Amino acid sequence: MKKTYKIDVDCANCANKMEKAANHTAGVKSATVNFMTLKMIVEFEEGQDPKTVMQEVLKNCKKVEDDCEIFL
Amino acid sequence: MNKKQKKVLIRIIAAAVLMILFSLLPIEGYLAFGLFMIPYLIIGYDILKKAVKGILNRQVFDENFLMAVATVGAIILGDYKEGVAVMLFYQIGELFQGYAVGKSRKNISELMDIRPDYANVEKDGKLEKVDPDEVETGSVIVVMPGEKIPIDGTIIEGNTTLNTSALTGESLPREAKEGDDVISGCINMTGVLKIRTTREFGESTVSKILELVENSSSRKSRSENFISRFARVYTPAVCYGAAALAILPPVVRIFMGITPQWGEWIYRALTFLVISCPCALVISIPLSFFAGIGGASREGVLVKGSNYLETLSQTRYVVFDKTGTMTQGVFEVSGVYHNQMPEDKLIEYAAYAESFSSHPISKSLKNAYGKEIDRTRVTDAEEISGKGVVARVDGVPVAAGNHKLMEELGLGWKECDQAGTVVHMAVDGSYAGCILISDLLKPHAKEAISELKKAGVKKSVMLTGDAKKVADQVAEELGIHEVYSELLPADKVNKVEELLSQKSDKERLAFVGDGINDAPVLSRADIGIAMGALGSDAAIEAADVVLMDDDPLKIAKAIKISRKCVRIVYENIYFAIGIKIICLVLGALGIANMWLAIFADVGVMVIAVLNAIRALFVKKL
């Protein structure tokens with residue numbers, strides 16, 4: 001399953017870091033952050049609940065870039 | 001400017017004023033330190049906070065860390081003013097970057113502002129504005145002059161001229177009348193329209209296009225991936241380099257028995273850190289691609305991802321489908337030969353004889369005749385499969401068909417050496433001439449091929465299922481290098497594979513088709529370009545690049561846009577890395593001071609961003 005989330009982040013490098021952090025979150029098959037449109041496209045692994053996974057993704061993103069937001 | 005940016009701007013001004021004020025005062029020692037700490041903290045508190053958080057979260061080597069270390073270091077060395085200045089310029093740079101990116105983001109989304117906000121639905125004789133998402137298929141919507149058509153549908157009342165420029169980049173308005181299918185995103189210019197929707201909003205052309213463009217920069221190009229990998233290696237490398245620069249030379253000097261000059265080498269190391277920030281690269285590359293894709297979509301060229309823009313720029317071979325790509329795919333009478341009676345009389349007989357047939361050929365005959373067909377004049381019409389038609393028109397026996405029909409009827413016929421479909425005619429028992437029907441070239445087809453040559457395409461190849469004679473003639477007329485005719489769809493894939501294996505690794509092959517029955521070839525080529533895609537989902541799905549209208553000139557245009565964009569990307573890569581390396585070397589040698597370092601960081605970034613925005617301007621290519 002693929003879902004798109006709106007995000008807010010200030011710099012392109014930070015967006016790259018968010019992408020990396022999201023990709024390393026359990027339950028995420030692949031994640032792409034599009035800095036120009038401020039969107040994060042997340043593909044979840046089979047049988048995962050997007051809501052709980054996204055909480056983790058947000059936590060991991062906050063770790064690498066304090067100043068970011070994902071609108072869940 | 002948003003709220004956050006305004007706050008930063010106020011901090012920048014406050015810190016700048018204080019810094020200038022304090023540097024004019026004759027202050028020394030602890031007093032100077034105390035006073036300069038005020039602007040330093042005003043401008044840098046958030047950076048310091050982020051740096052500390054970064055260390056706590058084990059994300060050490062980021063820009064905040066670099067800036068914090070560089071400025072704290074400068075302050076410890078007693079260069080208070082420079083410490084504040086570095087932080088100040090870093091913030092100015094960040095602000096500018098945020099502003100420029102936000103601005104171009106807005107510009108580009110305005111360019112692609114085709115999303116309709118509402119649909120008018122008639123309820124109890126009154127018009128009501130509703131969310132287009134809520135309109136069900138089959139309902140009737142009303143579009144006033146000046147409004148966008150929100151949902152695909154068929155006109156049931158009214159006629160108008162439509163402005164399709166937001167979709168196709170084509171400024172010529174299009175006429176539409178009752179019974180015509182219209183697509184969402186067009187602007188209704190003159191008349192009030194009632195439209196019966198044929199799709200849901202989410203399935204309508206405008207939604208499909210928006211979805212495609214918005215997701216396009218998610219497919220990253222090789223240059224973008226290169227930069228993210230580069231940044232990952234680069235920042236730690238520079239940090240270790242700086243540490244080595246601060247420690248190694250003084251230690252060596254101690255062993256050599258000369259003064260270690262710790263202050264000098266630490267200052268050099270800090271300069272090193274300021275220069276090293278990878279912002280310019282990391283921001284300008286995706287920004288260039290985003291601007292390029294935005295500019296292209298304004299011209300009616302939809303590119304599905306940065307990677308495709310990159311591939312497109314390396315295109316050296318272009319393979320075309322013939323029908324629908326280079327030709328209009330509409331058959332028209334192009335000549336009458338060996339006629340034994342006036343041309344219009346012959347065409348009239350042909351049109352009548354074929355009037356009961358729904359074959360494309362009979363349609364073109366009817367078009368050529370141009371008048372209403374009075375079917376009562378035709379009797380005893382009979383279709384002879386694979387050969388043609390025999391019928392009585394006004395009681396006169398007429399036969400229209402290929403040479404086999406003429407032979408069957410035992411009539412002498414004359415060879416027609418023109419390329420195209422030939423309809424032989426026999427009227428009242430004797431041969432009356434032949435009518436040539438052929439597919440017309442698109443108006444810009446020839447120009448398109450020569451533009452492609454100018455754009456650096458080495459070889460153009462045409463593939464077609466059509467007869468050799470027709471194909472050769474078209475190819476010659478257009479100046480196409482190679483032509484392969486009488487191919488079945490599977491043969492086209494084989495041919496493209498053959499061409500793919502012949503070219504060198506760095507050259508790319510593009511296939512251009514109308515997307516209807518060439519999906520396998522579109523996906524087999526390095527890059528598939530579908531044209532005339534307005535309203536055709538299949539084409540939008542199958543291709544990597546979609547040309548919204550069916551003008552072949554747009555192929556060359558798309559290639560030129562991609563070239564410009566990729567050129568800007570490389571300019572930025574070479575420029576930013578080049579300047580940084582030069583400054584790093586100068587910094588290590590002690591020639592560059594903190595001020596040059598600030599230019600290397602902020603100045604390079606500003607220039608790279610401005611250069612990236614150039615990719616948006618593609619109108620005159």
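**Loops, sheets and a two-chain contact in a predicted model**

E486(B) sits in the loop that links β19 to α16 (489–502) of chain B; helices here are DSSP runs of H or I with at least four residues, strands are runs of E with at least two, and both are numbered from the N terminus. Its phi is near 55°, a positive value in a residue other than glycine. E486(B) counts as exposed, with 12 C-beta neighbours inside 10 Å. The cut-offs are plain: 20 or more other C-beta atoms within 10 Å of a residue's own make it buried, 12 or fewer make it exposed, anything in between is partly exposed, and the C-beta atoms are placed from the backbone. Q261(B) also has a phi near 55°, positive in a residue other than glycine. Q261(B) belongs to the loop between α7 and α8 (262–276) of chain B, and with 14 other C-beta atoms within 10 Å it is partly exposed.

All of this comes from a predicted model, in which local features need pLDDT of at least 70, side-chain atom pairs count only at pLDDT 80 or more, and totals for chains, interfaces and linings use all residues. Residues are numbered from 1 along each chain as its sequence is written, while chains are lettered from A and ligands numbered from 1 in the order in which they are written.

Chain B splits into domain 1 (1–117), domain 2 (119–214), domain 3 (308–328 + 442–558) and domain 4 (329–441), with bounds taken from an automatic or database domain assignment. Between the C-alpha centres of domain 2 and domain 3 of chain B there are 31 Å.

Two open sheets of chain B can be traced strand by strand. One has seven strands, ordered β10-β22-β21-β20-β11-β18-β19, with mixed pairing; strands pair if DSSP finds at least two bridges between them. Within it, β20 (residues 508–513) and β21 (residues 527–531) of chain B run parallel and share four bridges, and F511(B) has G528(B) as its bridge partner in β21(B). Helix α19 (residues 553–589) of chain B lies across β10, β11 (315–321), β20, β21 and β22 (545–547) of chain B, at about 50° to β10(B). Axes are lines fitted to C-alpha atoms, for helices over the stretch in contact, with angles from 0 to 180 degrees between N-to-C directions; contact means that the C-beta atoms of two residues, placed from the backbone, lie within 7 Å.

The other sheet has six strands in the order β2-β1-β3-β9-β4-β7 (chain B), and its pairing is antiparallel. Here β2 (126–130) and β7 (181–182) of chain B are the edge strands, each pairing on one side only. Strands β4 (residues 153–157) and β9 (residues 193–197) of chain B run antiparallel and are joined by four bridges, with T154(B) bridged to R196(B) in β9(B).

Turning to burial, strand β16 (residues 421–427) of chain B has six of its seven residues buried, so it is largely enclosed by the rest of the structure. With β15 (residues 396–401) of chain B, β16(B) pairs in the antiparallel sense over four bridges; G401(B) has H424(B) as its bridge partner. Another seven bridges join β16(B) to the antiparallel β17 (residues 430–441) of chain B, where G433(B) stands opposite M425(B). The hairpin of β16(B) and β17(B) has two residues between the strands, and D428(B) there takes a positive phi near 55°. Helix α11 (residues 343–353) of chain B is mostly covered too, with eight of its eleven residues buried, among them L346(B), E348(B) and Y352(B).

Chain A has two helices and four strands, arranged along the sequence as β-α-β-β-α-β. Its radius of gyration is 11 Å, close to the 11 Å that the globule rule gives for 72 residues, so chain A is as compact as a globular protein of that length; the radius is taken over C-alpha atoms, and the rule is 2.2 Å times the number of residues to the power 0.38. The C-alpha trace of chain A spans about 35 × 20 × 20 Å along its principal axes, and 43% of its 72 residues are buried.

Where the chains meet, chain B gives 20 residues and chain A gives 14. On the chain B side, α2 (29–56), α4 (80–111), α7 (222–256) and α9 (279–298) each give two or more residues. The largest share, six residues, comes from α9(B).
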